[in-house]
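Dear colleague,

Please find the structure below, handed over for your use.

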Amino acid sequence: MELGSDCDEQQDCSMTDVGDKLDCGQKMLHNTNSVLQKIANLYAERLMSDVTLVVGDNRYPAHRIILCASSDVFQVMLMNATWREFGDAVITLQEEEKCHGVFPQFLRYMYIGKMTISVDTAVYILKLADKYNIHDLVQMCIDYMKKHINKATAKGYFVEWLHNVLLICPGRKDLISLLENYLKWNLERIVLYPGWENLSLGVMNWLLQQNDLVVRSEFRLYELVESWFSYQKRQLEIRSDMRAQDREGAINKLIYGVLVHIRFSMMSLPQMANVLMSTSVRTLKEFFVARVADGMNFHSRHLEVVSAIRQTEHGELLFTPRLYTSDLWSLEIAVNYFDKLDKYSSVASVFFSPTNFSDVDEESNGWDVEFFPLGVRYKPAQLIGVYSAATSREIPESIIRTVRLRVTTQATMRCESRYMIGVLICGMMNDEEYVHNSLVRMAYFSNDQRVLNIDNLIPFDELQLGGQSLSHYLVGEHLDTIKIKVVIVPLNPFSNVFAPPLE
């Protein structure tokens with residue numbers, strides 16, 4: 001992909017009339033492309049260079065005036081007499097090894113304003129641009145990364161992108177939030193490709209505390225974390241620079257910093273039994289038996305014990321479900337041939353979900369789920385007076401410009417119940433489908449309150465544009481389908497719906 005463009009769209013050696021009261025036939029000459037080419041030749045032919053930059057084993061002749069004009073850091077380094085490099089003809093730059101390969105492109109960008117970037121070089125170019133305060137290049141790298149997360153994931157670079165962006169651009173909340181959300185909502189996709197086991201302890205710790213983490217089930221999440229833990233443990237065991245005591249401390253940090261956040265109470269009884277048969281339990285038997293016991297106490301409704309567990313350091317979130325996408329808890333709705341869909345039409349489905357996590361084979365809740373992708377229309381009606389015709393009145397037609405999901409309980413409920421309703425909105429990026437957005441609502445349902453409307457799932461005006469403008473909301477082979485997934489999971493008195501931020 002080519003980033004950047006010629007500085008001026010005027011053709012080389014063109015002329016433009018210049019208005020003047022005296023009309024002296026003035027012309028504005030445009031020769032910017034030729035001038036840029038001359039500057040590029042300075043770099044390409046190493047002409048009249050007055051400083052040499054040493055990066056690794058390579059030397060790059062350069063020009064102080066170009067470096068200073070492009071970078072605030074180079075300007076201070078080369079023009080401020082208090083700096084060690086001031087006046088030096090040869091300057092050694094300390095760059096990490098992976099930045100060595102992209103440094104020639106980075107230097108060339110300062111001369112011609114163009115650069116070729118890819119998913120395997122983007123983060124290293126971003127590092128150099130940020131280090132030397134080349135703001136326009138930083139922004140172009142960020143814009144590129146926003147549009148190529150799917151491709152970076154498929155190439156095994158997602159974790160590297162996330163870690164580096166957290167270090168390099170802590171103030172760029174837009175990019176950080178995009179990567180955080182992609183990790184939470186597309187974890188099942190990320191783990192299909194190499195590199196995800198390198199997720200740092202801090203990020204994994206944060207991830208496992210998120211309620212809107214999208215995964216098939218808590219047991220599936222346990223399997224993924226067990227694989228991550230085994231990889232991290234092996235990496236520690238092969239380190240020759242660590243003492244046995246330090247290695248043991250690092251492994252304990254993994255256990256109590258990560259595994260402690262698995263929510264065993266959100267597993268079924270057979271799933272908890274499978275945990276006790278997994279390979280990690282052989283070396284961490286006491287830890288896992290205690291965690292499974294917590295889950296058993298929850299299912300057995302030992303409220304005093306559960307209340308005590310919730311008061312512990314990591315207990316607040318252990319009894320809160322996540323966005324589980326197994327058939328038990330979720331329903332997929334696909335609106336095909338969206339371009340041919342009538343306005344105000346809807347797609348209705350019926351869905352049954354368990355009442356809790358322990359009796360999945362017993363009671364269930366029935367839900368009517370209706371999706372309105374092109375607005376909601378209430379037709380004209382007449383309110384008829386009960387005691388007198390004079391009190392009758394006309395109710396005009398009403399149209400609501402919103403993309404709405406309506407969730408209705410089918411049966412009356414014994415008592416007021418609280419649920420977490422999640423709506424996963426699919427999109428396309430780099431020709432691959434992924435979860436583009438997620439909306440979560442906490443809702444109370446009772447005999448008097450049986451309907452929940454969730455509006456503005458997708459910006460309504462964007463759905464009116466049509467064509468390629470909708471590519472990030474339309475999926476399928478022909479980009480003519482809107483797809484959402486609805487997750488309905490029950491909350492309980494011990495659920496905590498507030499998750500900590502990523503520090």
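The lining of the largest pocket draws at least two residues from each of helix 16 (285-299), helix 17 (303-310), strand 12 (364-372) and strand 18 (417-429). Helices (H or I, at least four residues) and strands (E, at least two) are DSSP runs, numbered from the N terminus. Strand 12 gives the most to this lining, with 4 residues.

Please note that this is a predicted model, in which local features need pLDDT of at least 70 and side-chain atom pairs count only at pLDDT 80 or more, while totals for chains, interfaces and linings use all residues. Residues are numbered from 1 along each chain as its sequence is written, and side-chain values use heavy atoms, with hydrogens and water left out.

The largest pocket has a volume of about 910 Å³. Of the 31 residues lining this pocket, Arg301, Thr355, Asn356, Ser417 and Leu491 are the closest to its centre. By class, the lining comprises 13 nonpolar, 12 polar and 6 charged residues. Here Ala, Val, Leu, Ile, Met, Phe, Trp, Tyr, Cys and Pro count as nonpolar, Asp, Glu, Lys and Arg as charged, and the others, Gly among them, as polar.

Pockets and cavities were found on a 1 Å grid over the protein atoms alone: a cavity is a set of points where a 1.4 Å probe fits but cannot get out, a pocket is an open set with protein on both sides within 12 Å along at least five of seven lines, and lining residues have an atom within 4 Å of a point. Grid points are joined across faces, edges and corners, and a volume is the space filled by probe spheres set on the points.

The second largest pocket has a volume of about 360 Å³. Its lining has 18 residues, with Trp185, Asn186, Val214, Val435 and Lys485 nearest the centre. Helix 11 (187-190), strand 8 (214-215), strand 18, strand 19 (432-445) and strand 21 (482-490) each supply at least two residues of that lining, which divides into 9 nonpolar, 2 polar and 7 charged residues.

There are 2 cavities of 30 Å³ or more. The largest cavity has a volume of about 70 Å³, and its lining includes Arg263, Arg291 and Asp294. This lining has 4 nonpolar, 2 polar and 3 charged residues. The second largest cavity holds about 40 Å³; Tyr157, Phe158 and Trp196 are among its lining residues, and the lining has 7 nonpolar, 3 polar and no charged residues.

Kind regards
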